[in-house]
Amino acid sequence: MLKNELIFATQNQHKVQEIAAQINGTYEVKSLIDLAYTEELEETQETLEGNALQKVRFVANKFKTNCFADDTGLEVEALGGAPGVYSARYAGEGKSFEDNMDKLLQELGTETNRKARFRTVIALILNGKEYTFEGICEGNIINAKRGSQGFGYDPVFQPIGYEKTFAQMDIDLKAKIGHRGKAVAKLIDFLKAY
Ligand code: IMP
């Protein structure tokens, strides 16, 4: 293995692009796609921390390599933190991002408290030891979808201090101010100091 190679335990190309842009040559990030591993990783825990650790432990063990995994949830205040760890399957197993957003907008209805946050937990296994890093992005759920970039709930999430939704934003800006970007920044600081 190359000195600065790290496996990102994901098959989501959007995430790889976001993170590779941020790491910017400091580390060579490879994903499960590069390892030709196409099976879905299990995420059966009840917390983001639990899922991130579950994924990273599986991949570190299977490929005998240093790696990191992330898990993200959208936590909506008026919904008691839902969809949270269930964000990917909020509208049911196998439903689309569109279905999940439609359900969210329907659940919120005319609720005036639209406060929400994305929270990412990254779990890292480096030389056999486990570490976790958290990143949070605060914002609001708007009333109707706007924009076509990104993925997931991006078209309905407007980060605080910005007019645009994540789906209308440049990928670099989203990486800089976003939940995953903040968690990755902590990961990078840690790796640099290691
Ligand atoms: P994951 O388990 O980290 O892939 O995230 C779970 C779900 O959260 C995804 O299926 C998306 O619906 C949502 N999600 C995660 N990250 C983002 C993001 O950056 N923007 C919008 N939605 C996201």
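A: What follows describes the ligand site and then the chain around it.

The model is a predicted one, and every distance and area given here is computed from its atoms. The ligand sits in the largest pocket, and two elements give two or more residues to the shell around the ligand, namely strand S3 (67-76) and helix H5 (179-193). The shell holds 15 residues, among which Lys 15, Asp 71, Asp 154, Lys 174 and Arg 180 come nearest to the ligand. By residue class, the shell divides into five nonpolar, four polar and six charged residues.

A polar side-chain atom of Arg 180 lies 2.6 Å from an oxygen atom of the ligand. For Lys 15, an N or O atom of the side chain is 2.8 Å from a ligand oxygen atom, and for Glu 43 the corresponding distance, again between a side-chain N or O atom and an oxygen atom of the ligand, is 3.3 Å. As for the cover that the protein provides, the ligand taken alone exposes 470 Å², and the protein buries 92% of that area.

Turning from the site to the chain, there are five helices and seven strands, and these follow one another along the sequence in the pattern β-α-β-α-β-β-α-β-β-β-α-α. The C-alpha trace spans about 55 × 30 × 25 Å along its principal axes. The chain has a radius of gyration of 17 Å, which agrees with the value near 16 Å that a compact globule would have with 194 residues.

The peptide bond from Ala 82 to Pro 83 is cis, with omega near -5°, and Pro 83 is found in strand S4, which covers residues 83-84. Ala 36, a residue other than glycine, has a positive phi near 60°, and Ala 36 lies in the loop between strand S2 (28-31) and helix H2 (48-63).

To return to the ligand, the picture is of a molecule that sits in the largest pocket and has 92% of its area buried by the protein, with Lys 15 and Arg 180 among the residues that come nearest.

Conventions:
Residues numbered from 1 in each chain as written. Predicted model: local features only at pLDDT ≥ 70, side-chain atom pairs only at ≥ 80, totals over all residues. Heavy atoms only, no water. Near = heavy atom within 4 Å. Polar contact = N/O pair within 3.5 Å; in protein donor to acceptor, adjacent residues only side chain to side chain. Areas by Shrake-Rupley, 256 points an atom, 1.4 Å probe, with all protein chains shown as cover. 1 Å grid on protein atoms, 1.4 Å probe; cavity = no way out; pocket = protein on both sides within 12 Å on 5 of 7 lines; lining within 4 Å. Sits in = over half its atoms within 2 Å of the grid points. Helix = DSSP H or I, 4+ residues; strand = E, 2+ residues; numbered from the N terminus. Nonpolar A, V, L, I, M, F, W, Y, C, P; charged D, E, K, R; others polar. Rg over C-alpha atoms; globule rule 2.2 N^0.38 Å.
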